[in-house]
Protein chains: 2
Amino acid sequence: MSVQLTKGESAEMYIKAIGELTLEEALVPISTLASRLGISPVSATEMVHRIVEQGLVEHERYKGVRLTETGKRRAMLVLRRHRLWERFLTDKLKLPWEDVHDLACRLEHAVGTEVIDALVDFLDEPSSCPHGNPIPNSEGEFEYSDGVQLNTLRQGDEGVILRIHPESRDVLSFLAQKRIKPGAALSVIDVDDFDGLLTISINGVDQIIGQRIASHIVVAA
Amino acid sequence: MSVQLTKGESAEMYIKAIGELTLEEALVPISTLASRLGISPVSATEMVHRIVEQGLVEHERYKGVRLTETGKRRAMLVLRRHRLWERFLTDKLKLPWEDVHDLACRLEHAVGTEVIDALVDFLDEPSSCPHGNPIPNSEGEFEYSDGVQLNTLRQGDEGVILRIHPESRDVLSFLAQKRIKPGAALSVIDVDDFDGLLTISINGVDQIIGQRIASHIVVAA
DNA sequence: CCACGTTTATAGGCTAGCCTAAATAGTTAG
DNA sequence: CTAACTATTTAGGCTAGCCTATAAACGTGG
């Protein structure tokens, strides 16, 4: 039989998370990483040491971590697997938008290149996941179209939703319920800085959205 | 994020293996189990104790283990997941027969009922895996058509290959190379008891096969 | 420029799964 | 009935990942 389990799955979670957080800041504090992964800062520090040893990340003491070239490539390949599974789960298995992220998190570590390459063929080489995030190619490269977070827009601004990032279950299910998806055109009707609420119009319907949710919505610049 | 990994995957491997071995003998010795899983007898004993605690198996000291009703159901559901993934990998992703078993071993633990139910629909409710083994239904029930191991046949016997069981990479790749699959008609031309070799004719072609391989081929009675 | 908050390190501990070596208990054949 | 073999237990150890509590190092605002 011989099925080695668990070997380095955590490491993959770490570099994937670092890769995603790097989009916001070049140097990711370990504490940020820890809270993103729902792990104690001490444990995160330990793990960071391990993956530094493996040459996947660089650590600037008291500043944060950054992926090495090897690490970045590895992280992008995990993201690739994740987003391909998401496409499969939504397009082929017709599973709900808000479920596929968590499900893909479990599948992304399960199989390697052979299956993923076959999956790419099967899915006709998709270029983005159902939430609008680009799928890296087999070299780990991808293109990220410019956008700004919805919460930085002001009254009267208009745009088209590019993607939801980062993805998290509660945000996605909120958006699914409101039928807010990539591709939708929106305009900002009102910004309430005091309560941190935005009133926006999407597809002609007015919606009220909080800051936290808005920060996950990336709009074409 | 919160993705619990590894939790009880080993236990699933154990009960799956016991379930498969139970077809041959009602009471599976721990040593048999251990060698099937490629694990030391001591470790297997430890794990057996754990799954006895969980009420999944019964252990008769010095005799062997047997699945409880709960355990049997759980084991069959793992087998179900395994075989459905095998079908997906061969039918949809066009991956080779001999690869899909090991790949499915990694996928079978990754996701639960939601994905599996959707997969069943997507695959049009298949009734067997690519190697001819039946896929249990969502209650863990299945039908096993009667058959005998090829190595028990004598000269002149004829039959149709029902399934390859148990599945293991080396056996499957040997058979793939020889194009021996379920559904093929065969007749036994010669049995060499001394060397343990069988000469059989499959689809009009003569093939020489060893005892070990033959014991994995189940032929319609 | 120094106290305060943040970041990291140290120490000690836990669980799941695996390992080997050696002791013991049970089964069976001669 | 006992020797030989097999099955199991005991003892001791390992790694990966996580934890808490505490201590030390750093960097920055007043």
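Helices (H or I, at least four residues) and strands (E, at least two) are DSSP runs, numbered from the N terminus. This is a predicted model, in which local features need pLDDT of at least 70, side-chain atom pairs count only at pLDDT 80 or more, and totals for chains, interfaces and linings use all residues. Residues are numbered from 1 along each chain as its sequence is written, chains are lettered from A and ligands numbered from 1 in the order in which they are written, and side-chain values use heavy atoms, with hydrogens and water left out.

## Backbone details

In chain A, Pro166(A) sits in the loop between strand 4 (158-164) and helix 7 (169-177). The peptide bond that joins His165(A) and Pro166(A) is cis, with omega about -10°. In chain B, Pro166(B) is likewise placed in the loop between strand 4 (158-164) and helix 7 (169-177), and a cis peptide bond with omega of about -10° joins His165(B) and Pro166(B).

Asp124(A) is a residue other than glycine with a positive phi, near 65°. Its place is the loop between helix 6 and strand 3 (147-149) of chain A. Asp124(A) is exposed, with a relative accessible area of 65%. Here buried means under 20% relative accessible area, exposed over 50%, and partly exposed in between (1.4 Å probe, protein chains only). Asn203(B) also has a positive phi without being glycine, near 50°. Asn203(B) lies in the loop between strand 6 and strand 7 (205-210) of chain B, and at 57% relative accessibility it counts as exposed.

Thr199(B) belongs to strand 6 (residues 197-202) of chain B. Thr199(B) is buried, with a relative accessible area of 18%. Contact means heavy atoms within 4.5 Å. Not counting residues up to four places away in sequence, Thr199(B) touches Ser187(B), Val188(B), Ile189(B), Asp190(B), Gln207(B) and Ile208(B).

## The two protein chains

Two copies of a chain are related by a rotation about an axis and a shift along it. Copies are superposed by least squares on the C-alpha atoms of residues with pLDDT of at least 70 in both. Chain A is superposed on chain B by a rotation of 180° with 0.0 Å of shift along its axis (RMSD 0.1 Å). That is the relation of a two-fold axis. Of the interface residues of chain A, 97% are also interface residues in chain B, so the copies meet through the same surface.

## The nonpolar core

A nonpolar core is a set of buried Ala, Val, Leu, Ile, Met, Phe, Trp, Tyr and Cys residues joined through side-chain atoms within 4.5 Å. The largest one has 39 residues, and those touching the most other members are Trp85(A), Phe88(A), Trp85(B), Phe88(B) and Leu119(B). At least two residues of this core come from each of helix 4 (69-92), helix 5 (97-107) and helix 6 (113-123) of chain A, and from each of helix 4 (69-92), helix 5 (97-107) and helix 6 (113-122) of chain B. In soluble globular proteins, nonpolar side chains tend to be buried together.

Leaving aside neighbours within four places in sequence, Trp85(A) has contacts that include Ala104(A), Leu107(A), Leu119(A), Trp85(B) and Leu107(B). Asp121(A) is part of helix 6 of chain A, and at 54% relative accessibility it counts as exposed. From C-alpha to C-alpha, Asp121(A) and Trp85(A) are 13 Å apart in space, and they are 36 residues apart in sequence.

A residue is near a strand if one of its heavy atoms lies within 4 Å of it. There are 22 residues around DNA strand C, and Thr45(A), His49(A), Ser40(B), Ser43(B) and Tyr62(B) come nearest. Of the atoms of DNA strand C within 4 Å of the protein, sugar and phosphate account for 73%. DNA strand D is surrounded by 20 residues, the closest being Ser40(A), Ser43(A), Thr45(B), His49(B) and His59(B). For DNA strand D, sugar and phosphate make up 70% of the atoms within 4 Å of the protein.

The table lists some polar contacts, meaning pairs of N or O atoms within 3.5 Å (within protein, one must be able to donate a hydrogen and the other to accept it, and residues adjacent in sequence count only if both atoms are side-chain atoms).

| Protein atom | DNA atom | Distance |
|---|---|---|
| Tyr62(A), backbone N or O | DNA strand C, phosphate oxygen | 3.2 Å |
| Ser43(B), polar side-chain atom | DNA strand C, phosphate oxygen | 2.6 Å |
| Ser40(A), side-chain N or O | DNA strand D, phosphate oxygen | 2.9 Å |
| Glu46(A), polar side-chain atom | DNA strand D, base nitrogen | 3.4 Å |
| His59(B), polar side-chain atom | DNA strand D, phosphate oxygen | 3.0 Å |

Helix 3 of chain B gives the most to the surface near DNA strand C, five residues, while helix 3 of chain A gives the most to the surface near DNA strand D, with five residues.
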